[in-house]
Each structure stands twice: as C-alpha cells, then as structure tokens.
Amino acid sequence: MDNLIIAGREFNSRLLIGTGKFASCELMAEAIEKSGTEIVTVALRRVDIENEDDDMLSAIDRTKYLLLPNTSGARSADEAIRLAKLARAATGINWLKLEVTPDPYYLLPDPVETLKAAEILVKDDFVVLPYINADPILAKKLEDVGTATVMPLASPIGSNQGLKTRASLEIIIEQANVPVVVDAGLGLPSHAADAMEMGADAVLVNTAIATATEPAEMATAFKLAVEAGRMAYETGLSAMSKRASASSPLTGFLREQ
Amino acid sequence: MLDLNFKFNADIRTILAEKGLDGDGRRWHQRLENIHPGNVEMALSEPAGSYNFEKLLTLISPAAENYLEEMAQLAHQLTVQRFGRTIRLYAPLYLSNYCTNSCRYCGFNKENKFERTRLTIDQAVEEANIIASEGFRDILLVSSEDRQFVSVDYLIELVGKLRDKFASISIEIYQMSSAEYAELFEAGIEGVTLYQETYDREVYTYYHPSGPKSDFDNRLDTPDHISAAGMREVGLGVLLGLTDWRIETLALAEHAHYLIKRYWQSHVSFSFPRLRPAYEIEGSQFRHLLSDKNLVQMITALRLCFADAGLVLSTRERAELRDHLVKLGITKLSAGSKTNPGGYSGHSGAIEQFEIDDIRSPAHVAAMIKQQGFEPVWKDWDIAFIR
C-alpha cells in the first residue's frame with residue numbers, strides 16, 4: 001500500500017483517531033494502539049494543553065503519534081484562531097485540525113468562517129486540516145488558500161450514518177490536489193472501507209470506536225477495514241468502473257466498412 | 001428597510017398561552033390519562049432524539065410508567081452516542097445570601113431572619129481556590145437577588161481573577177438585561193442557568209409574592225435575553241414539587257424547543273431540581289413532589305426528545321439515586337457542593353439555600369463515575385474561546 005503524505009510528512013496508516021467520548025484514558029490509549037494510527041486528534045477545550053501531566057495528553061505517546069490539536073467548540077474564525085495560537089505557543093505543534101461549528105446540536109462546520117480562519121492560519125505557518133461539509137467548491141477554495149488536506153464529513157458527527165454525502169464526496173475526491181480525509185459519521189468498519197474504496201486518502205473515526213463495548217477490538221476492525229478498502233482501491237475496482245464497456249459495441253459496424 | 005421579524009413565529013408567552021401551558025394545563029389531563037400502551041410503543045419505535053409535542057406527551061403519560069426500562073435503555077444509548085462515555089463535573093460557588101425576594105420555597109427568603117453573608121472578591125477567590133484544588137475547572141457562580149453587591153462590575157472583577165483557574169465559568173443569579181448579559185459574556189462568562197421555577201402563572205404568583213422576581217412574564221422572557229446576548233449555554237428548569245410535573249415538563253420542553261429554533265447558536269440544558277428542605281422550610285409542605293420513578297420518566301423522556309441537550313443533576317439528590325442516573329442520560333453532575341456563601345473555607349456558618357443530600361467529596365463522586373464505566377470530565381471548555 002502507498003503511504004499517506006500530508007504536508008510532506010509520510011504516514012503508514014490511513015486511519016486518524018479522535019479522542020473524545022472514551023470511558024477512560026486507558027481504553028483510549030489501548031484503542032489508539034490497536035488502530036495502528038499515527039495521527040491522533042485532541043480537542044483543545046478538553047485538555048490542559050500547557051500541562052504535560054494532563055490525563056489525556058499523557059496517555060498519548062508523542063514519540064509514536066502525531067498529536068493533532070483541534071478547535072472543536074469554536075463558533076467563529078476568531079475563536080478558532082485564538083485557540084490555535086495558544087496551543088501552538090504551549091506545545092510547539094503547528095498542525096491543526098480546524099473546526100468551526102457554530103451550531104451546538106449537529107456540530108456542522110461553518111464554511112464561511114472556516115475558509116476565513118484557514119487563510120489566516122496558513123499565512124501564519126500552520127499546517128491546516130479543515131473539517132468541512134462535503135462541499136466541492138469549498139474544498140477547492142481551501143486548497144487554493146493552502147490547506148494541507150480537506151476533511152469533508154460523511155454524515156453529521158456522532159451520527160454513525162455512513163456516507164450520506166456520497167455524491168459530493170466523489171466530486172471532492174475527483175477534483176482534489178490535497179489528501180481527502182473523510183471525517184465524521186463513519187459508524188461501521190464497512191463505512192470506512194466504503195470511503196477508502198471510493199478513493200478517500202484517509203478517514204477519521206472517533207465515536208464508533210470510543211463508544212463501542214470493546215474500543216480496542218473496534219479499533220482493530222477499523223484498521224483492517226481501512227487497509228482492505230485502500231488495497232481494493234489501489235488494485236482497481238473493475239466493478240465500479242464508470243466507463244461503459246458494452247458487450248455488443250454500437251460502433252462495431254465502422255470496422256466492417 | 002426590510003422587516004426581518006417575519007422570520008419569527010410567536011414568542012414564548014404566546015406559544016404557552018395558546019397551548020394552555022401557562023396555567024394548570026387542565027386541557028391535557030384527560031389526554032394524558034387516555035394514552036394507552038400502544039401509543040407508548042409507537043412513540044418508542046420512532047427514531048429517538050427529536051422533539052415533537054405528541055411524543056413527549058406520550059412519554060410522560062401514566063401509561064409510559066410501565067415502559068421505563070425501555071425508555072432508560074434508549075436514553076442511555078442515545079446519550080452515549082452523542083456525549084460519549086463521559087460525565088462533566090462542576091461546582092457551585094455561592095456569593096451572597098442577601099435577597100430582595102421572598103420566594104416561599106427558598107432559605108434565602110428576605111423574610112427569614114438570620115445573619116446574611118456576602119463574600120468580598122478576595123473571599124470569593126479563596127473559596128474558588130478550594131474548589132479548584134479539588135480538581136474542578138468548571139464553576140457556577142450563584143447568588144440570591146443582591147444587585148447592590150453582586151453587581152455586574154463585581155462579577156466582571158471576580159471573573160478576571162478566576163479565569164486562570166477555570167476553563168468554564170457560568171452564573172446562576174437574578175435576572176438581567178440582554179446588555180448586562182452581553183457584558184458578562186464579554187468578560188468570560190459562557191453560560192447562564194435560570195429556572196422558570198414554574199410555568200403556571202397562578203402558582204408562580206403564590207410562591208413569589210414580592211420582589212423583582214415576582215414578575216412572571218419578565219422571568220419567562222429572560223432566557224431570550226440570555227441567548228440574544230450570545231451566551232453559549234442556557235440552563236432551564238422547573239422546581240419540581242410546586243405543581244404537576246407532567247404539565248411543567250410539557251411547558252419546559254416547549255420553551256426549550258422555542259429557544260433552540262430562535263437562537264441556533266445557544267446550547268440548551270435542563271436541570272431537575274426537586275425541592276429540598278431549607279431554613280424554616282419542611283420538605284413535606286410540597287404536595288407535588290415527584291417520585292424517583294417519575295423523575296426517571298421525566299429525565300429519559302426529555303432525553304428521547306432532545307438528543308443533544310445537557311442534562312444536569314445537582315447534589316440535591318441522594319448519592320444512591322445519582323449513581324443510577326449517571327447511566328440514564330445525565331451529562332453533568334455537581335459534587336461536593338456547599339450552598340452557603342463561604343461554605344468551602346468553613347469560615348462562615350452562613351445559612352444555606354437548601355440542604356444537599358449527596359455529601360460525598362468530588363474525588364469520591366469521580367471514582368463512582370469511573371466505576372460505572374464513564375470518564376469524569378473536569379474540563380470541556382476553554383475560556384480562550386471567549387477572550
């Protein structure tokens with residue numbers, strides 16, 4: 001399998017893990033390990049970023065995983081930028097999962113504020129991975145301002161509904177020049193495999209693993225699903241070809257002339 | 001200029017009046033009685049989590065009392081999906097028990113003769129330090145109606161001194177104007193809890209005979225002011241025990257639904273304060289106190305109608321019951337609370353607002369949460385969002 005490359009950095013795993021909703025830091029650490037992930041995202045609002053002894057932060061081995069702070073909870077570009085800068089000042093990490101979600105119920109991302117924040121943060125030398133709705137135009141605009149990826153949602157976060165935005169995701173993947181990480185709504189390993197078969201470069205999973213009865217087992221299941229989906233994609237999915245290959249050619253007569 | 005008011009439907013007063021929910025709710029009594037098991041089964045087979053009036057009416061009916069286990073299972077599942085296996089912890093800090101109101105259920109009633117206490121900023125910070133040392137990063141500043149002393153300026157100064165220690169600061173104090181709430185939000189206060197106490201006008205008038213709080217309509221409009229000021233969290237609740245909990249639950253849900261539609265960026269939470277004995281107040285005087293069974297019914301019914309609402313439980317309830325409720329949809333607990341100003345440092349023997357029941361330490365409550373398979377969350381906010 002090819003490696004995933006984000007902002008020039010190579011990763012063996014194409015599964016990113018979120019850290020919310022776990023019953024304990026021990027269960028979270030175990031799930032992270034079993035998932036084979038190399039990128040772990042942490043909500044800045046949940047941790048004491050300046051404190052190395054913070055329960056959640058100390059459960060994530062920074063020598064093995066890229067810690068990807070996220071701005072979950074920010075309602076505007078200003079809030080997200082403020083939080084991002086504080087986090088970078090405290091940790092030296094300049095990677096950022098940008099989340100601007102003004103609606104507290106479905107936590108859907110605000111396209112206007114996300115684009116605004118992304119542009120400012122990229123100019124300020126952040127490696128920005130923005131969480132977005134599956135909007136192909138927005139994805140291109142973000143790419144234009146220099147984000148390292150785009151992270152479109154499969155369905156509302158925490159909903160476990162799978163690829164409800166399929167048609168738009170296909171366009172985003174087709175048009176993207178940066179890695180496309182499908183984020184949010186992947187409730188089953190088969191959803192993750194589905195996204196990978198479609199050609200997503202990676203997926204991010206949190207709720208489905210964190211709230212499973214055995215998070216570590218579920219993390220393994222997602223790891224295998226992501227690998228299977230990617231392998232199938234790289235091999236080429238003949239059955240999914242969009243090209244017509246008719247068994248009775250309509251233009252055969254031309255050869256007979 | 002285009003009139004933008006067209007986009008809003010009726011205000012909350014009109015909604016409650018039209019539905020007959022600002023009085024004794026008589027028109028719903030027969031409907032509630034008529035709901036049969038088939039209706040409950042139908043309501044439970046709908047996808048859980050979204051609100052409609054008929055569904056809530058069904059789930060709080062006497063017939064639904066026989067479906068509490070199913071309601072509890074669904075509420076648990078939905079809460080774990082939306083909030084994860086986590087419970088947030090917070091502590092209240094009482095600032096003053098001077099009061100200009102005479103609410104009949106409250107120990108701070110101005111008619112009660114006892115020596116009143118107000119914390120200076122330094123005393124409040126000292127109390128807050130104790131709360132912080134117990135692990136809390138989420139604090140609720142509470143005060144009686146003491147506008148002279150616990151003023152907007154006082155709160156702004158205090159918040160300035162608490163910001164380094166607390167990730168989340170919210171208030172539960174007397175009603176304010178939208179402009180005042182906006183000032184407090186700017187200073188770093190992110191949430192306001194304000195119970196309507198009761199949605200029944202007559203009962204409200206009886207229990208609030210004098211003082212600024214005696215104006216029912218103003219009370220009812222205040223969550224609008226809170227949300228319009230940009231506050232992130234708006235806490236709603238009724239004092240359980242003043243009147244029929246079923247009618248109150250319907251009104252409460254209508255209020256929440258209205259706020260969610262109108263102020264889409266504010267997050268609504270519900271509290272479930274059952275009346276407690278207080279200074280010169282016997283618990284037995286409240287005729288409408290609801291049973292544990294009905295409390296569970298109310299909590300789970302609201303969860304099944306509001307998937308993402310915060311559900312808050314205080315130390316008013318006894319330890320054993322709180323342990324069980326952790327798994328039934330509750331998302332936030334207080335612990336180790338003192339309900340009198342100066343209570344944490346123990347310097348003052350001030351009168352408390354009500355007697356708490358669960359007297360376990362915060363560490364003990366956190367251990368209980370872990371034992372239940374949940375993560376106790378001390379911090380789930382960052383004041384950097386606001387300033």
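This is a predicted model: local features need pLDDT of at least 70, side-chain atom pairs count only at pLDDT 80 or more; totals for chains, interfaces and linings use all residues.
Visitor: How many residues does the contact take from chain A and from chain B?
Guide: Contact here means heavy atoms within 4.5 Å. By that rule, each chain is counted in turn. The contact takes 32 residues from chain A and 32 residues from chain B.

Visitor: What area is buried between chain A and chain B?
Guide: The size of an interface is often given as the accessible area lost when the parts come together. Here carbon and sulfur atoms give 48% of that area. The buried total is about 2600 Å².

Visitor: Which residues of chain A lose the most area to chain B?
Guide: Three residues together account for 29% of what the chain A side buries. They are A:Arg45, A:Arg75 and A:Tyr105.

Visitor: Is B:Arg316 buried or exposed, and what is its nearest side chain of opposite charge?
Guide: B:Arg316 is in the loop between β7 (310-313) and α13 (319-325) of chain B. B:Arg316 is buried. A salt bridge needs a distance within 4 Å, and the nearest side chain of opposite charge is 6.0 Å away, so B:Arg316 has none. That side chain belongs to B:Glu172.

Visitor: Which residue has its backbone oxygen 3.3 Å from a polar atom of the B:Arg316 side chain?
Guide: Beyond its neighbours within four places in sequence, B:Arg316 is in contact with residues including B:Leu239, B:Arg274 and B:Phe354. The backbone oxygen at 3.3 Å is that of B:Arg274.

Notes. Residues are numbered from 1 along each chain as its sequence is written. Chains are lettered from A and ligands numbered from 1 in the order in which they are written. Side-chain values use heavy atoms; hydrogens and water are left out. Buried area is the accessible area (1.4 Å probe) that two parts lose on being put together, summed over both. Helices (H or I, at least four residues) and strands (E, at least two) are DSSP runs, numbered from the N terminus. Buried means under 20% relative accessible area, exposed over 50%, partly exposed in between (1.4 Å probe, protein chains only). Lys and Arg count as positive and Asp and Glu as negative; His and the chain ends are not counted. A polar contact is a pair of N or O atoms within 3.5 Å; within protein, one must be able to donate a hydrogen and the other to accept it, and residues adjacent in sequence count only if both atoms are side-chain atoms.
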